[in-house]
Amino acid sequence: MNNLKITIGLEVHCQLSTRAKMFCRCGTDYIGKGPNSLTCPVCLGLPGSLPVLNQRVLDLALQLALALGCRILPKVVFHRKNYFYPDLPKGYQVSQYDYPIGVNGSIDYALQGQRKSVRIKRVHVEEDAGKLVHEGMALMPDQSGVDFNRSGIPLAEIVTEPDIRSPEEARECLMMFRSLVRYLEVSDGNMEEGSLRCDANISLSRNPGEMGVKVEVKNMNSFRSVYRALSFEVERQKVLLHEGKEISQETRHWDEIKHVTVSSRGKEEAEDYRYFPDPDLLPFSIDEASLMNIREKLPELPLERKERFMLEYELTESEAGVLVSSKMLADFFEECLKELNKPKTVCNWITTEVLRNLKNLGKNINQSEITPKAFTELLRMIEKKEISGTIAKSVLEEMFTSGMNAREVISKRGISFISSEKELENIVVDVIENNPQSVADYLGGKQKAFNFLVGQVMRQTRGQASPEMVKNVLYKQLSAGG
Amino acid sequence: MTAEEMKNYRVSDYRRILQKGDISPRELVKIFLERCSQWEPFINAFLHLDAERVLRQAEEMEKFPPADEELPQLFGIPVAVKDNICVSGIPTTCGSHILENYVSPYEATVVQRLRRAGAIIFGKTNLDQFAMGSSTESSVFGATRNPLDLSRVPGGSSGGSAAAVASLEVPLAIGSDTGGSVRQPAAFCGVVGVRPTYGRVSRYGVVSFASSLDQVGPLSRFVSDAALLAQVLSGEDPLDSTCAPYPPFSTSDIPSYEETRKMRLGIPREYFSSGVDRSISEEVASAVEKLAKEGFDVIEISLPHTDFALEAYYLVALAEASSNLARFDGVLYGKRAQGVKTLMEMYHRTRIEGFGNEVKRRIMLGTYALSSGYYDEFYLKGMKVRTLVRQDFEKAYEACDILLTPSSPCFPFKLGEKISDPYQMYLTDILTVPSAMAGLPSLSLNCANRDGLPVGLQVIAGPFREDRMFGLALFLEELLSVEPPIPAVPDVKEGDDE
């Protein structure tokens with residue numbers, strides 16, 4: 001009973017980062033916009049309106065398919081998927097059917113140091129539907145509204161082969177999808193905002209040679225819920241198999257609050273979408289030259305970059321993993337190294353302090369005020385012991401909020417900075433002369449007395465010298481004097 | 001101006017008198033409005049005709065006359081628009097209940113082009129519901145009658161546009177042709193009707209019936225006017241990706257009579273078969289004879305897949321229609337059924353109440369043709385036959401430059417005669433469907449009158465060869481000198497004078 005074979009396949013939808021929708025010129029930045037404010041006759045499906053493909057959609061989809069190692073089909077064909085739903089204004093969705101953008105690719109990811117591979121069945125593009133709204137100012141309690149701002153936004157759908165063997169793998173694989181789309185800058189890959197969505201097919205089988213009954217799980221809105229929902233399914237199906245019960249082929253929804261999957265009510269008969277080539281969008285060929293051009297411009301992909309970071313900069317897997325999770329962050333890291341070639345130090349500060357500040361501000365590294373130059377200048381000051389780490393942290397925080405560089409922050413705070421041992425010497429000599437008892441105690445072997453003297457020097461400098469430097473100078477003076 | 005004087009006016013004549021100031025745009029539209037008030041009670045060609053609006057457009061033209069010395073091509077000319085083409089601010093009903101009160105917030109590209117050319121958008125004309133029919137009887141706003149014989153249909157689906165031009169309610173109109181919906185009513189009403197090459201004219205703003213077949217085309221009393229209108233309507237449109245990226249058709253490309261005479265004329269024997277009314281075959285054959293006497297090279301050819309074209313057409317067109325009409329679901333616009341409890345019930349009742357029988361029949365047939373398990377056998381097979389039909393024409397154009405055929409297998413029939421027999425109705429498109437399937441430019445002009453009823457002759461050219469099509473049609477028009485109709489306004493019907 002324990003050697004059940006788990007088989008999981010993913011269907012990932014990601015919103016392609018185009019400025020305009022897939023078939024009209026309406027904007028795609030719908031977050032925070034009033035309902036139906038980003039609409040036109042085309043994305044509302046008004047009578048007589050016609051689609052015209054936004055070429056950028058094709059470019060992004062080709063980048064994605066090429067990065068996944070897919071074979072690109074020579075022709076682009078759009079099909080209509082026909083069904084009725086209030087959020088679907090034309091009564092059909094423009095999608096792709098037997099002629100997707102790319103087929104037969106793969107995605108690699110690492111789990112506990114092991115490199116794994118999942119085959120990609122296909123990558124295709126389609127338009128998004130609108131969104132049903134069940135409460136709002138203009139709505140009566142028993143009414144629903146439709147917001148078509150999302151209608152016509154381009155999506156890429158990636159379908160994997162059932163090569164995934166556990167919920168952990170599913171989560172890792174999905175995280176790798178997110179890194180990938182972010183690297184390529186084809187999508188912002190934000191699961192919470194719905195620009196990355198994932199459905200999964202899962203089956204359990206006693207016999208490793210065959211697959212069990214496929215259950216589709218939907219409504220998983222975060223990496224954690226993908227993991228939890230699939231883990232729940234594994235347990236649920238295990239129990240059923242154990243009890244000798246049948247697993248029914250069905251679609252189940254993940255309930256985020258109760259932490260269970262629930263069978264979706266409704267007809268189980270397969271819907272007939274009556275796919276046929278959209279006669280409003282003529283098929284066309286992809287020209288080799290532009291394909292070559294896209295291929296050449298593909299950036300280094302996250303897994304390769306992670307492995308290079310580990311090798312080249314001697315970072316741990318988790319350190320490298322954090323850095324490459326976002327292309328911007330990894331780029332920032334490497335820009336910093338051009339200024340200050342101390343990978344470990346730079347990495348430590350980025351993965352802790354920089355990320356903490358970004359999180360507090362709710363920004364990404366490119367949106368923040370900080371530049372690699374300003375950031376490494378601060379690190380260099382610590383290196384030279386011009387400031388303490390503790391002060392540097394608070395300086396960095398202010399650099400993030402104000403956009404000033406380290407020296408500006410320091411001078412604004414009135415910290416006139418003691419940066420050489422020479423400047424400290426007079427203060428140290430003063431302190432030694434004014435505290436003969438403590439000096440005597442120290443020379444008599446009491447370590448506490450040394451700390452007291454350090455404290456006195458720090459007080460005199462009003463914290464403007466680094467403790468390391470103070471200790472250093474004090475030690476030298478005491479040894480010399482003794 | 002009397003009707004008798006206007007009978008032979010071409011657009012160039014109206015322009016001349018407008019240019020000279022013999023008549024003002026307002027005076028001109030008033031003449032046509034007057035004709036409408038005489039004819040409309042009898043023929044019902046218009047679904048929407050707003051005299052105030054028409055006069056306002058004419059007034060604007062007087063207030064702001066064009067700066068150029070040369071007036072724009074259609075300056076002050078009234079043009080009627082089929083009611084499946086969106087004109088902003090006035091209803092676009094498609095002759096249906098479901099769009100009864102629908103007003104489009106935007107305007108079709110072709111309408112914008114008419115306005116830019118100085119035309120006056122006169123009103124919206126009647127049609128078979130959603131352009132599905134061949135008699136203009138299936139409009140929920142009542143049938144249109146043929147001005148040449150009020151007991152007969154004007155053809156369809158652009159019957160309103162054809163009847164309006166034939167009765168000289170307007171000098172020009174536009175319709176849409178999917179399988180013959182401009183040419184067949186033109187033939188029934190004795191006027192000129194043109195289907196341009198697929199991709200010649202933008203479909204943006206034309207309510208789709210079958211996307212891969214729909215084309216907007218002109219209806220007029222003279223070939224030269226149709227050519228002028230085709231020039232205004234045609235050209236690339238960034239809003240329609242099926243519209244070809246070619247420069248617009250230009251009347252200056254039309255060959256001279258000298259050059260026209262060199263064209264080789266193909267006569268496809270399948271178009272003169274037993275299914276075609278004998279008098280019609282005879283009239284067309286006699287026109288061809290006259291051309292031969294003029295020195296034209298006449299070649300008998302064969303288009304072997306003609307017999308399968310009609311059935312393939314109904315598979316392809318209806319499959320597309322079933323999908324194109326899915327948007328009429330009562331959610332966003334148009335009529336929505338009231339007193340329903342569930343979403344499914346809303347969909348069902350809205351579409352049951354909103355669509356007429358012929359539209360429902362076609363949606364069901366199309367849905368069936370696309371269903372899994374039937375797709376290969378129906379839709380795909382239809383597409384394959386379509387390729388064969390196109391190849392027939394390609395081969396024919398190796399041997400000749402123009403094909404000449406009858407436009408319709410029958411004379412205008414009586415109202416009610418075929419409405420309950422869909423197959424008989426479908427058969428009336430049998431001669432116009434093949435060139436539509438091949439996307440070819442085709443024109444119908446009146447070549448004779450038999451017992452007061454017109455006989456349409458169809459001129460079919462190769463893709464984007466409107467120049468040849470119009471060249472031959474102009475030659476024929478002059479050669480045959482069949483005058484455009486000017487039916488007398490009927491007397492008030494007995495018992496109506498109360």
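A polar contact is a pair of N or O atoms within 3.5 Å; within protein, one of them must be able to donate a hydrogen and the other to accept it. With that in mind, welcome to this predicted model. Across the interface of chain B and chain A, 18 residue pairs are in polar contact, both partners having pLDDT 80 or more. Let's look at that interface, and then at a pocket.

**How the two chains meet**

- Chain B brings 39 residues to the contact, and chain A brings 31 residues.
- The size of an interface is often given as the accessible area lost when the parts come together.
- For chain B and chain A, the buried area is about 2800 Å², with carbon and sulfur atoms giving 60% of it.
- There is one salt bridge between chain B and chain A.
- This salt bridge pairs Asp280(A) with Arg203(B), and their closest N and O atoms are 2.9 Å apart.

**The chain B side of the interface**

- Three elements of chain B give two or more residues to the side that touches chain A: α11 (306-324), α12 (343-354) and α13 (357-370).
- Of these, α11(B) provides the largest share, five residues.
- By type, this side of chain B has 21 nonpolar, 12 polar and six charged residues.

**The second largest pocket**

- This pocket has a volume of about 1400 Å³.
- It is lined by 39 residues, and those closest to its centre are Arg178(A), Arg182(A), Val322(A), Ser325(A) and Ser326(A).
- Elements of chain A that each supply at least two lining residues include β6 (102-111), α5 (302-312) and α8 (343-361).
- The largest share of the lining, six residues, comes from α2(A).
- The lining residues divide into 14 nonpolar, 13 polar and 12 charged.

Notes
Residues are numbered from 1 along each chain as its sequence is written. Chains are lettered from A and ligands numbered from 1 in the order in which they are written. This is a predicted model: local features need pLDDT of at least 70, side-chain atom pairs count only at pLDDT 80 or more; totals for chains, interfaces and linings use all residues. Side-chain values use heavy atoms; hydrogens and water are left out. Contact means heavy atoms within 4.5 Å. Buried area is the accessible area (1.4 Å probe) that two parts lose on being put together, summed over both. A salt bridge is a side-chain nitrogen of Lys or Arg within 4 Å of a carboxyl oxygen of Asp or Glu. A polar contact is a pair of N or O atoms within 3.5 Å; within protein, one must be able to donate a hydrogen and the other to accept it, and residues adjacent in sequence count only if both atoms are side-chain atoms. Helices (H or I, at least four residues) and strands (E, at least two) are DSSP runs, numbered from the N terminus. Ala, Val, Leu, Ile, Met, Phe, Trp, Tyr, Cys and Pro count as nonpolar, Asp, Glu, Lys and Arg as charged, and the others, Gly among them, as polar. On a 1 Å grid over the protein atoms alone, a cavity is a set of points where a 1.4 Å probe fits but cannot get out, and a pocket is an open set with protein on both sides within 12 Å along at least five of seven lines; lining residues have an atom within 4 Å of a point. Grid points are joined across faces, edges and corners, and a volume is the space filled by probe spheres set on the points.
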